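Biologist: Please take a close look at one strand of the sheet for me. I would like its neighbours, its cover and its place in the fold.

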Amino acid sequence: MTPSPTLLETILSNPAPWLVAPAVLLLFVLATLVGASVSRRRMRLQAERGSSAQAAAEKAQPATDEAAFAEEDRDLPAVVQADQDLPAVVQADQDLPAPKPTKPPASLRERLAQTSNFLIGGFERALGGGKLEGDVLEEIEDLLFTADLGVKTADSLLGSIRREAAGKDATAVVDVLRAAVLKKLTEVEGAAVTGARPHVILVLGVNGAGKTTTIGKLAARYKAAGKKVLLGAGDTFRAAATEQLQVWGERVGCDVIAGSEGGDPAAVVFDAMKAGVARGADVIIIDTAGRLQTKQPLMEELTKIVRVIGREVESAPHETLLVLDANTGQNALSQARVFTEAAGVTGLVLTKLDGTAKGGVLVGLADEFQIPVRYVGVGEALEDLRDFSAQEFVDALFGPPSSQT
């Protein structure tokens, strides 16, 4: 029996026009499906073969991440490969320079070297290897009267030398002078006044003496001691005075009460006193204008400020410090005289002793006015405002006594 023809054969043997297009489309779809199935099977077989090969390779030769990274590093630029190619500053801490040790403060003897060389060195040069007699005595007299000691003090010291060192050598003369100066300075050596709260300090001095800097350093000392400090900017005449005091206030960490430039200084002081009491300040430090002692109206204004302070806090000011520049020599004596009459100076601060040969004026001030020397300024650093010690000052000026050398 003859088999029945298939659909395809029927279509091909009877090619009706309306059947040709669907037949072709059907054949195309069938061929596409078959091809896709074959492709997927081939890809699956290849993936299985690749996994088997990789597993075999790993089993035969295991690799670590570090080895792989090392392999990659060989292809990187040298600058990224190793630390030894980097600048030394980023390699290791041991390659960094050791920090320099903090330099200790200079000794007072170093700071007073210029005055010592002028005064004590002058005696030794005048005497040489000889004795104190004749022309040598006259040279010593001239030296004393040009050492900014003041006439009264120079005459007193010369009397001691004549009585105790006549006919003796330079060592004996220096020892006599040393003892006489120590006696004068010891008589005016005094401690700070304490006990009042707030403790009010009025600071005086002409422009350029180092007054504002002294106030800032004093504030820093009190602040370091745990005291609450308030500053009053009473110098309203100098343009930069208030700004300088405010800079110190920020640096130290204390309040500053200020007014307008050219304003009434007594009004600023009044506000500062009120604020200090209201805020519970332990210490109030009042700045004043750098008044030239020859300007009488300004000195009268200073007297007014003292009265204002006294009205607000009983017995204040508790300290009135006069700041003097050692470089001014004997002019410091005339400043002390006038300021003392105007405001009752209770303590002296002698600044810039490290930059002058006129430090002998400190002896003259102590001897003539019998006012305690409270501080000496021997540099720019905070620690260079030092408490005055008569023994330390004399040791720095003269060196150790001959009995210790």
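Modeller: What follows is a walk around strand E5. The model is predicted. Strand E5 spans residues 319-325. Its sheet is open and has eight strands, in the order E3-E2-E4-E1-E5-E6-E7-E8. Pairing in the sheet is mixed. The edges are strand E3 (255-257) and strand E8 (385-387), each pairing on one side only. Neighbouring strands are turned by 25 degrees against each other on average, direction ignored.

E5 sits between E1 and E6 in that order. Take the E1 side. E1 and E5 run parallel, joined by four bridges. Here leucine 204 stands opposite leucine 322 of E5.

Now the E6 side. E5 pairs with strand E6 (residues 347-351), again in the parallel sense, over five bridges. Valine 323 stands opposite valine 349 in E6. The chain goes from E5 through H14 to E6, a right-handed β-α-β crossover. Leucine 324 has leucine 350 of E6 as its bridge partner.

Helix H14 covers residues 331-343. It lies across E5 and strand E1 (199-204). Its direction is at about 160 degrees to E5.

How many of the seven residues of E5 are buried? Seven of the seven are, so the strand is mostly covered under the 20% relative accessible area cut-off. Both faces are covered. Glu319, Leu321, Val323 and Asp325 are buried on one side. Thr320, Leu322 and Leu324 are buried on the other.

How values were computed
Residues numbered from 1 in each chain as written. Predicted model: local features only at pLDDT ≥ 70, side-chain atom pairs only at ≥ 80, totals over all residues. Heavy atoms only, no water. Pairing = 2+ DSSP bridges. Helix = DSSP H or I, 4+ residues; strand = E, 2+ residues; numbered from the N terminus. Axes fitted to C-alpha atoms, helices over the stretch in contact; angles between N-to-C directions. Contact = heavy atoms within 4.5 Å. Buried < 20%, exposed > 50% of the residue type's maximum accessible area, 1.4 Å probe, protein only. Right-handed = clockwise from strand over helix to strand, strands pointing away.
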